[in-house]
Amino acid sequence: GVGGGYGFLQGLKNIPQPKVDPITNELRPVPFKLKLNTILNTVTKHGPYTGNSAGVLAMTYNLVDAILDNVRGKHDDLNSLAAGFVSGAIFKSSAGIKPMGISAGLMTVMAAAWCGFKRAIN
């Protein structure tokens, strides 16, 4: 949903503008079908990409979290934070050190937010 929403906003920004006809010097309106197609193309570009990325992150996080739970013999916030860090680092490991560190930090913050949310509702 987030990727689709982002794609929708990008599509609205990239809607083709009317062009001046070189012969008559009048503005040619852009057909509605072309406007709609531009929006739909950007939604289908960003939606699946974001969904796939989120799915990979979620599976990696849960796998690392389960391994840490098993190795340490308990489930606690430290495992969740470590799993967030490791999964973020793995996700961007091919992009270089800086993107890998940023991704690891963001995933650690997300894991901390999740731990805080779980504590707040319990």
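Predicted model: local features only at pLDDT ≥ 70, side-chain atom pairs only at ≥ 80, totals over all residues.

Reader: How many salt bridges does the structure hold?

Author: Side chains of opposite charge can pair when their charged atoms come close. The structure holds 3 salt bridges. In one of them, Asp-76 pairs with Arg-72, with the closest N and O atoms 2.8 Å apart. In another, Asp-21 pairs with Arg-28 at 3.5 Å between the closest N and O atoms.

Reader: Is Asp-21 buried or exposed?

Author: Asp-21 counts as buried because its relative accessibility is 15%, and buried means under 20%.

Reader: Which parts of the chain does the pair of Arg-119 and Asp-77 link?

Author: Arg-119 forms a salt bridge with Asp-77, the closest N and O atoms lying 2.7 Å apart. This pair links distant parts of the chain, for Arg-119 is in helix H4 and Asp-77 in helix H3, 42 residues apart. Arg-119 is exposed, with a relative accessible area of 59%, whereas Asp-77 is partly exposed, at 25%.

Reader: What lines the largest pocket?

Author: Its lining consists of 17 residues, and those nearest the centre are Ala-54, Leu-57, Leu-106, Met-107 and Met-110. Helices H2 and H4 each give two or more residues to this lining, and the largest share, 8 residues, comes from H4. By kind, the lining has 13 nonpolar, 3 polar and 1 charged residues. The volume of the pocket is about 470 Å³.

Reader: Which residues form a nonpolar patch on the surface?

Author: Phe-8, Leu-9 and Leu-12 form this patch, with about 280 Å² of accessible area together. Leu-12 belongs to helix H1 and is partly exposed, at 41% relative accessibility.

Methods. Residues numbered from 1 in each chain as written. Heavy atoms only, no water. Patch = residues over 30% accessible without salt bridge, like charges linked within 9 Å, V, L, I, M, F, W, Y side chains within 5 Å. Areas by Shrake-Rupley, 256 points an atom, 1.4 Å probe, with all protein chains shown as cover. Salt bridge = Lys/Arg side-chain N within 4 Å of Asp/Glu carboxyl O. Helix = DSSP H or I, 4+ residues; strand = E, 2+ residues; numbered from the N terminus. Buried < 20%, exposed > 50% of the residue type's maximum accessible area, 1.4 Å probe, protein only. 1 Å grid on protein atoms, 1.4 Å probe; cavity = no way out; pocket = protein on both sides within 12 Å on 5 of 7 lines; lining within 4 Å. Points joined across faces, edges and corners; volume = space filled by probe spheres on them. Nonpolar A, V, L, I, M, F, W, Y, C, P; charged D, E, K, R; others polar.
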